[in-house]
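Please open the model in your viewer and keep the sequence panel beside it. The tour below moves from one selection to the next and says what is found at each stop.

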Amino acid sequence: MTESDNPDLTDFRRDVRDFIERAADAQIREAGRKTTSFFPPFAPTMRWHRLLHAQGWSAPSWPREHGGPGWSVAQQKAFEEECRAARMPPLLPQGLSMVGPAIMRFGTEAQKAAHLPGILSGEHFWTQGYSEPNAGSDLASLSCRAERRGDHYVINGSKTWTTYAHHADRMFLLVRTETGGKPQQGISFFLLDDLDRPGLTIRPIIGLDGLPEQCDVFFDDVEVPLDSCLGEENDGWSVAKYLLEHERGGSSSFAAHFRQELAFIRRIAAGAGDGFGGVLADDPVFQQRFSQLALDVAMVDATEVKFAALDKGSPESGPMSSMIKITAMETLQRINELAIDTVGTPALTLQIEALVVGSDTAPIGSPDTLTAMPKYLNNRAATIFGGSSEIQRNIIAKTLLAP
């Protein structure tokens with residue numbers, strides 16, 4: 001049965017469209033149009049989060065027992081497609097799609113009660129403390145350390161590329177609590193429920209688009225309670241692997257986002273000349289590249305649907321999340337490259353002020369071309385963050401091909 005044969009799903013899509021039309025104001029819509037990476041403008045996106053929460057829709061993949069809508073995979077997919085088609089800013093994933101599922105899986109009842117409601121409502125915002133100056137894709141080499149001292153831990157070290165840490169009031173992070181043995185051993189997963197602690201310093205990093213999205217975070221004898229540990233002490237690697245499956249596999253939304261980007265490219269190409277008196281959209285080379293990307297997106301879509309139905313933490317879900325990470329991020333970079341080639345020289349203009357939500361600075365040229373170059377630059381990191389493509393291929397080989 002196709003979706004067109006399912007009246008319930010058709011009605012569901014109409015309800016989503018009606019809600020977006022009714023609830024999303026001009027600033028939220030502007031934030032969606034000016035999103036240049038996986039992390040949209042913070043303030044309007046969090047306000048959109050809270051509006052969705054009031055509707056009961058802020059966590060499409062969460063089960064009812066934890067406050068989610070209990071939607072089917074088809075409903076989750078339809079919801080994401082409607083949001084992307086309307087160019088709504090995607091909700092920030094650190095809480096909803098990353099640490100939230102990990103707390104559901106490994107947390108005590110007290111930890112679930114303390115943290116899940118605030119993630120769901122958008123009252124609390126979490127940032128991810130994984131990468132370090134000398135530990136990125138090789139995450140097991142991290143050196144940020146926590147030592148037990150009486151009724152608390154003391155953390156020393158640093159984290160980097162910590163997205164929106166300067167806006168966050170919560171952090172989940174990996175720390176080394178024991179040395180010796182394999183690199184993955186002796187790592188613990190911590191939940192910090194307060195970033196306003198003595199010895200904790202956050203320093204924003206200005207990106208190529210001129211915006212402070214990433215941060216450095218420094219710990220100098222920062223004290224946290226013993227119940228900050230999620231799961232067993234020294235077994236944080238198990239929690240981290242589970243969380244990374246959610247981060248790498250997405251939430252049935254990569255393909256919806258990619259189709260939105262392809263629609264943008266098609267629209268620009270329909271109005272652009274090919275340099276020979278014709279229209280770029282009719283150029284056979286452009287058509288070949290566009291068609292191949294459409295096929296790649298269809299492949300990502302099918303894989304996401306299958307992944308969404310898997311039990312996370314199962315033998316199949318790990319390598320499949322790595323496969324999605326590789327194919328989705330490399331497809332995204334090819335989409336960005338075609339977008340730059342389609343827009344042409346207007347993409348070269350640096351327009352930092354025009355990218356700010358609420359700015360009175362009008363873009364130079366068509367507003368449709370404003371985000372092409374920032375997306376291209378930001379997404380060069382897409383095959384690195386969350387574990388590089390080389391790391392993902394190693395995971396797949398070790399899991400599926402090793403004897």
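How are helix 8 and helix 10 oriented to each other, roughly parallel or roughly perpendicular? Before selecting them, note that this is a predicted model, in which local features need pLDDT of at least 70 and side-chain atom pairs count only at pLDDT 80 or more, while totals for chains, interfaces and linings use all residues. Residues are numbered from 1 along each chain as its sequence is written, and side-chain values use heavy atoms, with hydrogens and water left out.

Select residues 254-270 for helix 8 and residues 317-343 for helix 10, whose axes come within 10 Å and cross at roughly 15° (axes are lines fitted to C-alpha atoms over the stretch in contact, with angles from 0 to 180 degrees between N-to-C directions). Helix 8 and helix 10 are therefore roughly parallel, a term for angles under 35 degrees.
Show side chains next: the contact (heavy atoms within 4.5 Å) includes Phe254, Phe258 and Ile265 of helix 8 and Ile324, Leu332 and Val343 of helix 10.

Now move to strand 2, residues 145-149, and strand 3, residues 152-159, which run antiparallel and are joined by five bridges (strands pair if DSSP finds at least two bridges between them). Arginine 149 stands opposite histidine 152 of strand 3, and in the turn of this hairpin, which has two residues between the strands, glycine 150 has a positive phi of about 70°.

Finally, select the whole protein chain, which has 13 helices and eight strands (DSSP runs of H or I with at least four residues, and of E with at least two, numbered from the N terminus). Its C-alpha atoms fill a box of roughly 75 × 50 × 50 Å along the principal axes.

Definitions and conventions: Angles under 35 degrees count as roughly parallel, over 145 as roughly antiparallel, 65 to 115 as roughly perpendicular and the rest as oblique.
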